[in-house]
Amino acid sequence: MELHLTLLFNGLATGMLIFLLAAGLSLIFGLMSVLNFAHGALFMFGAYAGTWMYLLFGGAAGDYSILAFGMGLIGAIVTGIVLGYTVERTTVRQVYGNHLRQILITTGVMLVVGELVMLIWGSNLISVQPPPAISGFTELMNVRFHHYRIFIIGFGLLVLISLLLMLKKSKIGLVVRAGVENKEMVQALGINVRKIFTFVFVFGTTLACVGGFLWGPFQGQINRIWG
Amino acid sequence: MTMLQVRNIETYIQEFHILQGVEFDVPEQEVTVLLGRNGAGKTTTMRSIMGLNPATKGDILFQGESIRELPPHVIAKKGIGYVPEDQDIFSDLTVQENLRVAKRKENEKTEEREKWILELFPDLKIAYTRKGGNLSGGQKQMLSIARALVNETPLLLIDEPSKGLAPIMVEKVMEALNVIKQTTTVLLVEQNFRMASKIGERFYILDEGRTVHHGQMRQLEEDKELRQKYLGIA
Ligand SMILES: Nc1ncnc2c1ncn2[C@@H]1O[C@H](COP(=O)(O)OP(=O)(O)OP(=O)(O)O)[C@@H](O)[C@H]1O
Ligand SMILES: [Mg+2]
């Protein structure tokens, strides 16, 4: 029983992180049918950039507070937006509708982003722990519930619910769903599908970067092999 | 004034030279009908106007301005509503959501228009919260027309609205088009000659990607030979 609970709990936390990674990937594939081989590298870049911000602010204050962690999160989000926008505008945009070229070009992006990580942060492991406010665990019925994992599950649920609400209720969500079904008709209604594409790509990349950042303290370290 | 001028356009789909000189005018406040056999190029002409299969030669003027090289969403925003041959309803979205996607502004004016449209198509009002995929063929056609009209639409392009519909539905759609044409210029593709002659003023016949004949709808009603020759109907 305890073992089951532990596995279930840990599985949920891991699942939420994978969800953050996969949600972006499948939105990008679903709407734009773009095979994005760079998604993992973008996830890794987000992990490094976010962790770097977290450690920078946390180290400066000497306490690795929840505030510093928040700065890391913001860092990952900003990185996702900038990176997603740049990659979509400069490369992915050129290859809509051509899977072979998508594979080639996004593989290229993957390599470049991987090298960039090397160049900026080096190839050593970086250890990272959750802020004290959300580390440690609570023991219930002989099962250890790590606070950071509870946080990840909560955060993932929050993203999941907002994503569902957005897709169900907001205008842009409706347009995205309509676009997945029939891109041409959406255009013929006066909507610039390109803009929607850029938005979705940026959004998906941002989710990946945030997932990458949250993964670090979950593992206790980040390294380059993830890409 | 002429709402739309299509001047000798040529359109390729991949390497196929589909339109090889299509030419016609759509005068304001009238219903102009495009006729022609299956495969004559009627749908391709509509798609060329919308920029979905851009014409590579000739010109297309909307309210005097060339739109031939504009992307589809810009053409739509100029005020051209498009009802495609297969309706292209978003099947995962409800009737309400289909209309919402189309609305370029959500203000009083578009609300007014939506109200007007729903009065025109009471069937849609009843099915308002139903998903597009669960509508009947007739309701889909109504929704497709409603979706094109929810914004200010000086020109409406409709591709074979009677196709595959039960006679009673054809009647309903026709009745609605008779109201719509009082405020909107219409370019209609219609194989159902009876329907076309009831609401159309002027016709153009396409054959093998070219305009081959035109005139007043009344003349065509009287000219059996011409109908036989280009349309294969008596
Ligand atoms: N995607 C495509 N690829 C190749 N040929 C096409 C394509 N779409 C249309 N065509 C060809 O272009 C020609 C004109 O087709 P179009 O759909 O415009 O005709 P239509 O007049 O609308 O016919 P219908 O009355 O059957 O709707 C046809 O010969 C058709 O086979
Ligand atoms: Mg057709």
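Modeller: The largest cavity is lined by 13 residues, and those nearest its centre are Ile80(B), Gly81(B), Arg104(B), Ala148(B) and Asn151(B). The model is a predicted one, in which local features need pLDDT of at least 70 and side-chain atom pairs count only at pLDDT 80 or more, while totals for chains, interfaces and linings use all residues. Residues are numbered from 1 along each chain as its sequence is written, chains are lettered from A and ligands numbered from 1 in the order in which they are written, and side-chain values use heavy atoms, without hydrogens and water.

Some terms come first. Rolling a probe the size of a water molecule over the atoms shows where empty space is left. On a 1 Å grid over the protein atoms alone, a cavity is a set of points where a 1.4 Å probe fits but cannot get out, whereas a pocket is an open set with protein on both sides within 12 Å along at least five of seven lines; a lining residue has an atom within 4 Å of a point. Grid points are joined across faces, edges and corners, and a volume is the space filled by probe spheres set on the points.

The largest cavity holds about 70 Å³ of space. Both β6 (80-83) and α6 (137-149) of chain B supply at least two residues of its lining, and β6(B) has the largest share, with three. Such elements are DSSP runs numbered from the N terminus: helices are H or I with at least four residues, strands are E with at least two. Sorted by class, the lining of the largest cavity has six nonpolar, four polar and three charged residues. Here Ala, Val, Leu, Ile, Met, Phe, Trp, Tyr, Cys and Pro count as nonpolar, Asp, Glu, Lys and Arg as charged, and the others, Gly among them, as polar.

Helix α6(B) also packs against a neighbour: its axis and that of helix α7 (residues 167-180) of chain B come within 9 Å and cross at roughly 15°. That makes α6(B) roughly parallel to α7(B), a label for angles under 35 degrees. Axes are lines fitted to C-alpha atoms, for helices over the stretch in contact, and angles run from 0 to 180 degrees between N-to-C directions.

Arg104(B) and Asn151(B), named above for the largest cavity, are also among the residues nearest the centre of the largest pocket, together with Lys105(B), Thr110(B) and Glu152(B). This pocket has about 230 Å³ of space and a lining of 13 residues. Helix α4 (residues 108-120) of chain B gives the most to that lining, three residues. The largest pocket lies between domain 1 (1-79 + 155-166 + 182-234) and domain 2 (87-153) of chain B, because both give residues to its lining. The domain bounds come from an automatic or database domain assignment.

Across the whole structure, the search finds three cavities of 30 Å³ or more. By class, the lining of the second largest cavity has five nonpolar, one polar and three charged residues.

The second largest pocket has about 200 Å³ of space, and its lining includes Tyr96(A), Lys183(A), Phe197(A), Pro71(B) and His73(B). Helix α8(A) gives the most to this lining, with three residues. Four nonpolar, four polar and two charged residues make up the lining of the second largest pocket.

Conventions: Angles under 35 degrees count as roughly parallel, over 145 as roughly antiparallel, 65 to 115 as roughly perpendicular and the rest as oblique.
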